[in-house]
Structure formats: C-alpha cells, structure tokens
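Subject: Structure handover

Hello,

Here is the structure I promised to pass on. Please open it first, then read the notes below.

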Amino acid sequence: MTLLDLWLSRSIPMCLLLQSLVLMALCFPSASMCPKGCICQRDPHLHGLNITCSQSRLKEIPPSLPVDTVLLRLDHNQIGAVPDQIFHGLRLLRELNLSYNAVETLGEAAFSGIEATLQVLDLSHNRITSVHKDAFARLKARVIVDDNPWHCDCALQQAISGMAHNHEAAARVLCRSSELRDQEGRPFLAVDTDLCNLAKRTTDYAMLVTMFGWFAMVISYVVYYVRQNQEDARRHLEYLKSLPSKPKKPDEADDISTVV
C-alpha cells in the first residue's frame, strides 16, 4: 500500500465523521440554545426551531430565545407578564401560544418585532383585564382572546378597533366589568357607546366638581373672614363704650353757668 492509499483510507472516515457532525448540528440545536425545561426540535419544512415549553411551571418567558424560532408553545404555565420587546429579534416566529397562563395586562410593545411574521397568537384562558390601545395595532396574526376577564374601557375599545381584520377575535371579548354597568357580561362589540368620550365627560365632570368645591371653599373663607372682622369691630365698639367718660374742668363749668 502506498502512502497515498494510506492517507486516503484515513481521510475518508474523517470526512464522513465531519459531515455527520455538521448534519447533527443543523438538525438538532445545541443544549445551550434550548431554554431550560423546554424541548427544541428542528422543523425541516419551516427551516427553524419548534420550541415547546408547555406545562414546565414557567413563571416568566425565557429570555434570549433562539433567533430562528418559528413555533413557540408556552401554554399551561404560570407566566404573569409579557415584557415589552421580549420577542424582539424572533423574525421567523409564526405561531405563539400563551394560553392557560396568568397574564393580566399587555403593553404597547409586548409583540414588538414579530408583527410581520406572526400568524397565530393564542392568549386565551389568561387573566387579561386591560391592554394598551396599540397592543394589537400592527399585528397581522389571528388572535385568540377567549376566556379573559376583560375590563371594557376606552383603551380596550381602541385596541379592538385596531383589530378590524380580526373580527372573530373581537366578537369573543366579553366584558367582565365595564365603565357602563349595563354592559357587564355582554360582548364588547355590543357596546355602542364611545367609551373614550365617556371617559372625557367623566373627567370634565370631575374637574367641574373639583373647581366648584374650591370656589365654595373660597366663598366660605371670605364669609368667615368678613364675619370675624365684624365681630372684632363690634367687640371693639363695646369696649370703647364701656370706658369712663372724661370729667369736665371747673373753668368750663363756670363758663356754662355764666352763659345761663
């Protein structure tokens, strides 16, 4: 066997080993990339990662998620908040499942960075009562918001109006509480009152009541001040009257007798 044959016999297995390692790296993400308590699998059709963190007792959304995540399941956990820009950088994310958690509110930038690619957003079975008026404004995804204790107010009305392409989701929003008591328990789309103008009128009324209260306090003070001064003047006059009169001089008495 020549040296060339010997080199080739040793190089070919090495090349095959390197190819296998490269394929494994592409098909299976490293453990350091996958969040703790989650299962990560490479999706050959979507060319990205499917990350499943369901029922992992998570109390917050894992930070630093892989940038090639296409499907993220965070359902059935104890997540209480969606921090602003937590998903920023996940430009391939197509489906986000946050159902059956404890989320109570959503900020303006909760879904910043994934508006263009996200196709499905599941927020059902949470504790969401309020959202920022622009929370869903730029989303093109199908949003699922069933079974949340919504408080129907101006901000929610503005957020719903930004979901014109999501009429089905908007129709499933039920008012657990409302600025209008007669709307409690009814679908939000049944509310035919402009809650933003209602809030403005309520604010104007509160300002009017406050101004009237201050005006009444000023008038009361002025009346009290005048009465107090009158009382002081009366007491001073009574004091002057109580003083003994000045006795007359003898010369003055003689002059008076002479004139008489």
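A patch here is made of residues with over 30% relative accessible area and no salt bridge, and nonpolar side chains are joined into one within 5 Å. Please keep in mind that this is a predicted model.

**Surface patch**

One nonpolar patch on the surface is formed by V218, Y221, V222, Y224, Y225 and V226. Together they have about 630 Å² of accessible area. Take V226 as an example. V226 sits in helix α4, which covers residues 195–242. Its relative accessibility is 39%, so V226 counts as partly exposed. That value is also over the 30% cut-off for patches.

**Cavity**

Next, the inside. Searching the whole structure for cavities of 30 Å³ or more gives one. The largest cavity holds about 40 Å³ of space. Its lining consists of E108, A110, F111, S112, E115, D134, A135, R138 and L139. By type, that lining has four nonpolar residues, one polar and four charged.

**Salt bridges**

The whole structure has four salt bridges. Here are some of them.

E115 and R138 both line the largest cavity. Their side chains also meet in a salt bridge, at 3.8 Å from N to O. E115 is in the loop between β5 (105–106) and β6 (120–122), while R138 is in the loop between β7 (130–131) and β8 (142–144), so the pair ties together parts 23 residues apart in sequence. Are the two partners buried or exposed? E115 has 17% relative accessibility, so E115 counts as buried. R138 is at 47%, so R138 counts as partly exposed.

D134 is another residue of the cavity lining. D134 forms a salt bridge with K133, and their closest N and O atoms are 3.1 Å apart. D134 has 21% relative accessibility and counts as partly exposed. K133 is partly exposed too, with a relative accessible area of 36%.

Then there is R172 with D146. In this salt bridge the closest N and O atoms are 3.0 Å apart. The pair links distant parts of the chain, 26 residues apart. R172 is in the loop between α3 (167–171) and β10 (175–178). D146 is in the loop between β8 and β9 (150–152). R172 is partly exposed, with a relative accessible area of 43%. D146 has 17% relative accessibility, which is under the 20% cut-off, so D146 counts as buried.

Best wishes

Note on methods: Residues numbered from 1 in each chain as written. Predicted model: local features only at pLDDT ≥ 70, side-chain atom pairs only at ≥ 80, totals over all residues. Heavy atoms only, no water. Patch = residues over 30% accessible without salt bridge, like charges linked within 9 Å, V, L, I, M, F, W, Y side chains within 5 Å. Areas by Shrake-Rupley, 256 points an atom, 1.4 Å probe, with all protein chains shown as cover. Helix = DSSP H or I, 4+ residues; strand = E, 2+ residues; numbered from the N terminus. Buried < 20%, exposed > 50% of the residue type's maximum accessible area, 1.4 Å probe, protein only. 1 Å grid on protein atoms, 1.4 Å probe; cavity = no way out; pocket = protein on both sides within 12 Å on 5 of 7 lines; lining within 4 Å. Points joined across faces, edges and corners; volume = space filled by probe spheres on them. Nonpolar A, V, L, I, M, F, W, Y, C, P; charged D, E, K, R; others polar.
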